Amino acid sequence: MVTPPNLEEGQSTIRPPRFNEKYYGWWKTRMHDIIMAEDFELSDVICDGPFVPMKAVGEGTRIVPKTRKEYNDVDRKAVEKNFKAKKILVCGIGPEEYNRVSTCESAKEI
């Protein structure tokens, strides 16, 4: 395997690596490690989709999404994870890839 550019100079332990389609396997492994180090649950958000807080209405027979005003602290923390995951993924891609994923609502879509 050819060494990705700038690898000889070392890598940031904070900033995600920039995506380069020639080294997708390398990028994917590095992104996985960065995501897991940031927050183990972010991987679940990326694979399974974002958490949507729900509530029972009527006699508890119907479940609907809560409005943002109805969120409690636990709901907010869980919803925040999708945005954290999106931030990490977007920081690891260039402008061309960003244009393709900028309208995605969730980290899973990206």
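1. The axes of helix 1 (residues 24–38) and helix 3 cross at roughly 150° and come within 11 Å. Axes here are lines fitted to C-alpha atoms over the stretch in contact, with angles from 0 to 180 degrees between N-to-C directions; helices are DSSP runs (H or I, at least four residues) numbered from the N terminus. On the helix 1 side the contact (heavy atoms within 4.5 Å) uses Met 31, Ile 34, Ile 35 and Glu 38, and on the helix 3 side Lys 84, Ile 88 and Leu 89. Five of these residues are nonpolar, none polar and two charged (Ala, Val, Leu, Ile, Met, Phe, Trp, Tyr, Cys and Pro count as nonpolar, Asp, Glu, Lys and Arg as charged, the others, Gly among them, as polar).

2. A word on the source: this is a predicted model, where local features need pLDDT of at least 70 and side-chain atom pairs pLDDT 80 or more, while totals for chains, interfaces and linings use all residues. Residues are numbered from 1 along each chain as its sequence is written, and side-chain values use heavy atoms, without hydrogens and water.

3. Helix 2 (residues 40–48) and helix 3 (residues 73–91) have axes that come within 9 Å and cross at roughly 85°. That makes the two helices roughly perpendicular (65 to 115 degrees).

4. Which residues of helix 3 are buried? Among them are Asp 75, Val 79, Asn 82 and Leu 89 (buried means under 20% relative accessible area with a 1.4 Å probe, protein chains only). Their cover includes helix 1 and helix 2.

Conventions:
Parallel < 35°, antiparallel > 145°, perpendicular 65-115°, else oblique. Buried < 20%, exposed > 50% of the residue type's maximum accessible area, 1.4 Å probe, protein only.
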